[in-house]
Amino acid sequence: MQDLTSLKDLLAYPKHIVITTHHKPDGDAMGSSLGLYNYLAQKGHHVRVVAPTDYPIFLHWLPNNSEVIIYTDKKEECEKLVLEAELIFCLDFNALSRINELGNVVRQAGGVKVMIDHHLEPEGFDDYRHWTINACATAQLVYDFIANVMGEKGLINKDVATCLYTGIMTDSGSFRFPSTTPEVHHIVADLISRGAENAKIHQMVYDNFSENRLRFLGHCLLNNLEVLTEYNTALISVSQDLLRQYSISTGDTEGLVNYALTINGIKLAALIIERPDRVKLSLRSTGDFPANEICKKYFDGGGHRNAAGGHSEGSLEQVVDRFKSILPEYKSLLLI
Ligand code: 5GP
Ligand code: MN
């Protein structure tokens, strides 16, 4: 692993740079990527953001979103960009499997790979690393990279600040998860003073539901929520048919799992969704309960202790049953 400060020399002259992030990018993935984009572009670099897949419409207003290319839409163009890039920034993921087929392209690419991330257990494909699990968001690490590694806080303009604020806001659950340290609040205050319009950003991300999305949420809470009191667990399962019935698109299910966790006493919440290719799980937990352990051990996934994800073969019903069958193993932890 190379010393991060030597990146300053590499970035001293215009370079061809690709920034990429995990598949189905969320607010932190896009906020950190476009935040870094808006910083590097000011320095005269030729930068493109390559997203492995599409991402929610409520993130399309981010400054310079038009510079993002989606791999599944334009594979050849994206592969060319990645293979020709002198530097490849990998944001908000640390294993190449998280970017699907694009992972092999990044692996083959000759460019210098810089990983900026806050997930457990980096795989080790990177040449440079700005990584800690103690950051509430990758956007926090991008802020630290610009301000302290590069020493260019002055380049955090309104566009950069807006993107980084969005990343921190979304990954910290609007500044309420335990990862929201005093330092995070100081950073956020600085981002607001540099032009991030906090009230507007909150509105753009959270008060931007389609009518269908809100009705879908109502349907799920009324009909698809199962509370397993004996395990302090609540789960919501969603079929393809239901997704079609409400014309649900990327991002519309984001946040749904958190509702299951709002029930008094619930320690573990699961959202189990039937996707076209496989069943996807999202787990959320409170306190020390290791949601990521369940995802890693049983669902080919991972994540943070309190927010993790994975997937499984089989029908929706089979995966729901499988999830329930795991709970007795964790009963003592769930009942603490
Ligand atoms: P979500 O439930 O919102 O999809 O993901 C929650 C957290 O779990 C995120 O931090 C994400 O990075 C991680 N995660 C989600 N799905 C996977 C997966 O399939 N593999 C791994 N390693 N992590 C995942
Ligand atoms: Mn993140």
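## Two helices side by side

Helix α6 (residues 158-171) packs against helix α7 (residues 182-193) at an angle of about 145 degrees, their axes 9 Å apart. Axes here are lines fitted to C-alpha atoms over the stretch in contact, with angles running from 0 to 180 degrees between N-to-C directions; helices are DSSP runs of H or I, at least four residues, and strands runs of E, at least two, numbered from the N terminus.

On the α6 side, Ala161, Leu164, Tyr165 and Ile168 meet Val184, Ile187, Val188, Leu191 and Ile192 of α7 (contact: heavy atoms within 4.5 Å).

## About the model

This is a predicted model, where local features need pLDDT of at least 70 and side-chain atom pairs pLDDT 80 or more, while totals for chains, interfaces and linings use all residues. Residues are numbered from 1 along each chain as written, chains are lettered from A and ligands numbered from 1 in written order, and side-chain values use heavy atoms, leaving out hydrogens and water.

## Rings

Phe93 and Phe125 have ring centres 6.0 Å apart and planes at 15 degrees, so they count as stacked (centres within 6.5 Å; planes under 30 degrees apart are stacked, over 60 edge-to-face, the rest tilted). Phe93 sits in the loop between β4 (87-91) and α4 (102-108), Phe125 in the one between β5 (112-117) and β6 (128-131), so the pair ties together parts 32 residues apart in sequence. Both Phe93 and Phe125 are buried, meaning under 20% relative accessible area with a 1.4 Å probe, protein chains only (exposed is over 50%, partly exposed in between).

## A tucked-away helix

In helix α5 (residues 138-149), 11 of the 12 residues are buried, so the rest of the structure largely encloses it. Gly151 follows α5, with a positive phi near 65 degrees.
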